[in-house]
Amino acid sequence: MCGIVGYAGNRDVVSVILKGLTNLEYRGYDSAGMALRDGDDIKVYKTLGKLINLKNELESRKSELIQPTCGIGHIRWATHGSPSIVNAHPHSCTCGKLVVVHNGIIENYKELREELTVKGCVFKSQTDTEVIAHLVADEYSKVKDLEKAVRNSVSKLQGAYAVCVMHKNVPDLIIGARKHAPMLVGIGDGENFIASDTPAIIEYTKKTIYLDDNEIAIVTKDSVKITDADGNEVVKKVEVLPWEPIALSKLGYKHFMLKEIHEQPDVIRNVLNGKLYDIDAPIVLNEVKLDKDTIKNLKKIEIIACGTSLHVGMAAKYIIENFTGISVEVEASSEYIYRKTTTDASTLVIGVSQSGETADTITAIKQAKEKNAHILIVTNRPDSNMARLADSLIPVNAGIEVSVAATKSYIAQMISFYLLAIHIAEVKGTLDDVYLKNLKHEIIQLPTKVEEILSNTTTIQECAKKFSSFKNFIYIARGVNLATAYEGALKLKEISYINATGYAAGELKHGPIAMLDETMPVLSILMPGGITYEKILSNSEEAKARNAKLIALTSSKDTNIDALFDVVLRVPQVSEILSPVITCVPCQLLAYYIAEFLGKDVDQPRNLAKSVTVE
Ligand code: F6R
């Protein structure tokens with residue numbers, strides 16, 4: 001969603017902020033802006049649409065600038081007020097001396113706006129953010145100290161915020177504050193940064209301080225001071241970011257999404273590294289902080305997540321129940337938080353999130369924590385807010401994922417669940433030794449099998465071309481691959497804007513079949529070796545009888561099925577229980593090539609954001 005970059009230092013301030021915002025672009029946005037300290041003045045630039053527009057605007061007005069010494073930049077994903085220049089950040093107070101950028105939502109903005117209007121503040125935008133500018137300016141006029149003014153003001157805000165503030169009367173100072181929205185300070189040599197996420201600063205420094213809720217950062221080019229809500233200085237740990245700037249390069253691929261799909265074999269190896277290395281050795285999962293007795297006595301697991309991560313959870317239910325016999329409930333975070341749940345201290349609650357910042361999942365996890373459940377977080381961002389709520393944390397180590405549509409984080413989360421399920425099974429003794437060894441052997445082979453798919457994508461590309469003109473799609477599967485059907489359909493929707501729905505194949509005849517005709521292709525995921533192959537084959541026949549065009553995604557070598565299906569996407573053979581790792585890849589590629597063929601903005605689909613930090 002929105003992104004913040006602040007910089008104080010001797011480099012070209014405009015370039016540093018633009019670069020930082022570019023590295024946050026993947027989060028999704030609709031407008032951008034920058035405020036620059038230039039001599040005695042603060043100059044504000046805002047544009048609608050992509051960052052290139054802001055870059056061009058700054059370029060065309062270059063002659064206005066003498067030599068900016070610090071600045072704050074923002075990309076906005078509209079929540080309050082439509083995407084427009086007036087609603088884009090930075091926002092200013094009435095006299096224009098104070099500027100602010102903000103991520104999050106101020107829930108009490110209406111009350112604050114009324115109070116400030118009565119005081120004479122003139123509002124220009126429809127945003128919740130503008131109240132912060134007026135509020136801090138009002139406080140500053142009273143206390144004449146920007147740090148105090150920010151502290152007093154944020155204490156009046158309800159909701160979530162990461163804010164950066166500059167004031168014309170306080171040269172070369174940026175103040176940042178956060179609550180329920182991420183913010184970090186990047187430490188450089190004679191330069192410092194504030195940002196809402198690490199990619200914004202990774203090109204310049206790896207030294208980072210993560211702000212906690214209610215903390216305030218007072219940043220100049222030569223100093224960083226962090227205080228708590230009472231103004232006491234806090235000594236914070238300086239962490240070193242694990243990523244290299246190269247992670248933000250497409251490395252010759254046309255899109256980040258394609259690059260990230262191709263990274264998946266190595267991502268799987270990474271997840272397995274040190275955890276599953278020998279089929280005769282137990283899984284090493286030291287991240288799980290539950291003792292053996294607790295694991296043995298576990299009666300219920302709840303998995304809470306959104307979107308693609310929720311689909312991982314759906315597959316995980318099959319995997320965990322199959323390996324351990326423990327009952328697993330899977331629920332969308334946005335549903336979990338608005339009902340009376342049965343979560344209690346004996347429940348293992350697992351939050352799954354690539355970003356670790358999804359507002360609904362964070363709220364759900366907090367609710368579960370209040371009920372004293374053990375919280376296990378599976379995430380690609382061990383530095384995230386969600387990770388900080390964890391009693392046990394499994395970082396999935398997929399590396400930074402730039403494409404909004406999740407791919408490699410999906411596969412990394414999935415592999416983590418296999419390891420978790422086997423770990424629990426080993427503690428409980430629920431799997432037979434021979435089965436366990438074969439299973440581990442197969443898991444170790446998975447990267448090679450994914451490589452096999454990626455080494456020849458011609459059929460998938462041809463299929464994409466053939467089907468790109470259809471306006472609707474149905475994906476069907478059963479069992480553990482039902483999650484793949486949901487995920488495959490979601491991928492297609494997200495990046496090509498084609499309407500696609502995943503169904504349990506057995507449900508087709510209970511309603512959706514009414515939609516079938518030659519305009520509604522059906523993609524069937526049918527992996528032999530399990531108990532549902534023949535059933536899905538029959539469901540596909542039923543679709544064929546209604547003139548639907550059919551695509552098979554299968555490892556079956558049976559050439560008879562080639563007559564039933566219009567296209568057969570063949571994948572390597574693997575046990576049905578492990579097959580979601582294999583079947584997800586052609587689904588990702590099919591969605592990618594259809595979107596690419598249609599000329600869509602693959603990495604930054606419209607209306608979507610990489611971190612959904614609002615409810
Ligand atoms: C789709 C996608 C989203 C996210 C969802 C939850 O490609 O990435 O559906 O999975 O917004 O986000 P996280 O996983 O960050 O909690």
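**Figure 1. The loop that holds Pro 90 in the predicted model.** Pro 90 sits between strand S4 (68-76) and strand S5 (91-92). Helices (H or I, at least four residues) and strands (E, at least two) are DSSP runs, numbered from the N terminus. The peptide bond between His 89 and Pro 90 is cis, with omega about 0°. Most peptide bonds are trans. Residue numbers start from 1 along each chain as its sequence is written, and side-chain values use heavy atoms, with hydrogens and water left out. Because this is a predicted model, local features need pLDDT of at least 70 and side-chain atom pairs count only at pLDDT 80 or more, while totals for chains, interfaces and linings use all residues.

**Figure 2. The backbone at Leu 251.** Leu 251 is not a glycine, yet its phi is positive, at about 50°. Most residues other than glycine have a negative phi. The loop holding Leu 251 runs between strand S14 (239-240) and helix H6 (256-262).

**Figure 3. Helices H13 and H14.** H13 spans residues 408-428 and H14 spans residues 433-455. Their axes come within 12 Å and cross at roughly 165°. Axes are lines fitted to C-alpha atoms, for helices over the stretch in contact; angles run from 0 to 180 degrees between N-to-C directions. The two helices are therefore roughly antiparallel. Angles under 35 degrees count as roughly parallel, over 145 as roughly antiparallel, 65 to 115 as roughly perpendicular and the rest as oblique. The crossing of H13 and H14 is left-handed (the near helix is turned anticlockwise from the far one by less than a right angle; clockwise would be right-handed).

**Figure 4. The shell around the ligand.** Ser 309, Ser 353, Ser 355, Thr 358 and Glu 494 come nearest. Helices H9 (307-324) and H16 (482-496) each give at least two shell residues. H9 supplies the largest share, three residues.

Figure 5. For Ser 355, a polar side-chain atom is 2.6 Å from an oxygen atom of the ligand. Ala 406 uses a polar backbone atom, 2.9 Å from a ligand oxygen. The protein buries 92% of the 400 Å² that the ligand exposes when taken alone (Shrake-Rupley method, 1.4 Å probe).

Key: A residue is near a molecule or strand if one of its heavy atoms lies within 4 Å of it. A polar contact is a pair of N or O atoms within 3.5 Å; within protein, one must be able to donate a hydrogen and the other to accept it, and residues adjacent in sequence count only if both atoms are side-chain atoms.
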